[in-house]
Structures are given as structure tokens and as C-alpha cells.
Amino acid sequence: MRKFIPLLCLVFSSIHLLAQTYGILETNNIRCAVNSHGQLFEVIPGSQIFEVPAGSGLSTVYAANLWVGGIAGDQQIKLAAEMYFSNEHDWFPGPLTIGDATTTENVMQQYDQVWIASASDIATHIAYFNAVANNTVEEEFPDGYTMPQWIINWPAHGDYTAGYDFYLAPFFDYDADYVYDPFAGDYPLFCGDECIYFIFNDGGGVHESSGGQPIGLEIHGMLYAFDDSDPMLQNTVFLKYRIINRGTQELSDAYMGMFTDFDIGNPANDYAGTLVQNQAIYGYNGTSSTEEYNAPPPFQATQLLAGPWLDNDDTDNPLPDSEYSSPTLSYGSAGWGFGDGA
């Protein structure tokens, strides 16, 4: 049974494959990166890319990554968790086969890349095919239209003949034939004005980072931002995960979290705190000023905007205590589908 778990995070102000490919998001006041293993910010070992302000060379986060763990039916703990990017991995590039949750070195090499998506490119793409439909290409595109390579190479489909899901990255099916063909007007679907799309898994090898047993997860990630005059959006990047269990084992007592190593000014005197009611953690400098930022130094937060959905089990699952409950019957932003009744 496949389980689809959407997880959205907000970041504010044994086969060894060392990813050589990463993408840099730089549409607003934050310049940050992710690589094909799903490693955030420290995409090259020992060097982070989370600049605030963009281009300043100053970073407020050293590294971040997704952690997932739980207990399988055999009562064994399954865990995928990395902190920093090294030669020891729990996460690997690419998708997994359906059912046995496996992959090959060739497939991991094929997906050892990321896809940088642009909303302005999509607007032009849509306008062109609308002009084709309206017979106005000569007027609207007198110099023709050159399709961006990233649209052509969008990872919409997996090799279903080898056991992978046919549908991977989302797309708009312009001609309604269920097959991605950008030359027929189809185009990628993603969030933000600029987005980095990446696919990774925990089944590509031994978990040498955590020492945990593989789960069989395939993760589709979007790191994205908006080019907006609102100062909050100018200093915000978003992260959205689609988590798919490609294996047959279900986890109980499962937990998901974001490891985040804040790095504000001098990293030796940073502190961290939590805002439980807001599903947020934050980091700040331990002194009233820093050589890098002067006084006062900034703080950096990571907030969970929307957590996983509870399975539709026709059961009126109990609501949490009042600290978390809301009219939408959720654990604040941590989970949805509680108290929905039978």
C-alpha cells in the first residue's frame, strides 16, 4: 500500500554517490541551495549556501535536512536522518520501484540532478501555445519561441517498465493525453516564482549516516520563493515535501522532523528556542552584537506550515488538548484529519 504524505515547511529570515549537482534559489533576499540528495544549504561538504541578504556572503543556516523514523511491523526501528553532507548518506538521488522500494546505481546517476523552474518561463510557454491555438503567433512571437531546456527535461515520468511510477513530477496536461509533452503545450506545475524540484529516496544504499534501517521512502521536494515587495516574502523561502512509501511496510509511532543547524554570526555562541504553539524553532546569537551583523544580530526561524494528513479511517480520532486544537480540527498546523467522525 502506498502512502502519500504532504509535508510543508517554511524557512524564514552500500552505494556511494556524492552529488555534484545542486541548484541555487536566488529570486528574493535569500540565496540558498539544495542538492540532488535532498541536502539543504550545505550542498558541498563544508560550505553552506544560505545567504541573507543575498550576495552578502553571510549565512544564517549551515545545513538542514529531513528526518523520518518509525517502527515497522517487525518491531524494528526504521530511520532516515542526515545532518551534514558527507560520504555517509541515508538519502540518495531518484525514485524507487513500487512495492519493493529498490533502485539501481544507473537510475540514481540519472536523477543526480535538480530542476530549476521559473514562473516567467511558464507564462511565456502558455502564451505561446495560446497564440498557436488562436493563430496569432506571427503577431505575438515575431521572433519565434525557444523552449527552455528545463521545461523539456522536466522529470514528469518514471520508467514504469522497470517498476517505477509512471507519474513523478506534476504537470499540466494541455492536450489531455496523460503523457507529458511540452511540445504539445504541456508544462510543469510547481510553487513560487522560482522553484528547485528534486527527487530523492532512502532505499539507495546502507544508511551510514544514522545507522538506521531503510524505510522505502521516495521524496519529491520543492524549494521555492516569491519575488514580492512584501518584506516577509522577500525574506522567506518555502520547502514542500511529498513523501511516498514505495514499500509494503507501514510504520507506527512514526515521526518526521527538520534538522536545522542555525549559524548566525559566530556559530560557537548560538542559541535555539521553540514556539510550540506555532510549530516553530528559531536560532539567535548569544551576544547582543556580532562582528558580521552589528547590533542587533538577526534571528532565524523554521516553521511547519502544514503537516501530514491522518488516514481517512472512519474513526472520530480524539482531538488534542486545547493548546493545539482549532476550528479546522487539526493539531495546529502539525496534522489534519482528526475529529472528523464516522
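A polar contact (a pair of N or O atoms within 3.5 Å, one able to donate a hydrogen and the other to accept it; residues adjacent in sequence count only if both atoms are side-chain atoms) of 3.4 Å joins the side chains of Asp-263 and Gln-48. This is a predicted model, in which local features need pLDDT of at least 70, side-chain atom pairs count only at pLDDT 80 or more, and totals for chains, interfaces and linings use all residues. Residues are numbered from 1 along each chain as its sequence is written, and side-chain values use heavy atoms, with hydrogens and water left out.

Asp-263 lies in the loop between strand 14 (252-262) and strand 15 (270-275); strands are DSSP runs (E) of at least two residues, numbered from the N terminus. Asp-263 is buried but has no salt bridge, and Arg-31, the nearest side chain of opposite charge, is 14 Å away. Buried means under 20% relative accessible area, exposed over 50%, and partly exposed in between (1.4 Å probe, protein chains only).

A salt bridge is a side-chain nitrogen of Lys or Arg within 4 Å of a carboxyl oxygen of Asp or Glu. The count comes to five salt bridges, among them the following.

| Pair | Closest N to O distance |
|---|---|
| Glu-51 and Arg-31 | 3.6 Å |

Salt bridges that share partners join Glu-26, Arg-31 and Glu-51 into one network. Within it, Glu-51 is buried at 15% relative accessible area, whereas Arg-31 is partly exposed at 22% and Glu-26 is partly exposed at 46%.

Note on methods. Helices (H or I, at least four residues) and strands (E, at least two) are DSSP runs, numbered from the N terminus. Lys and Arg count as positive and Asp and Glu as negative; His and the chain ends are not counted.
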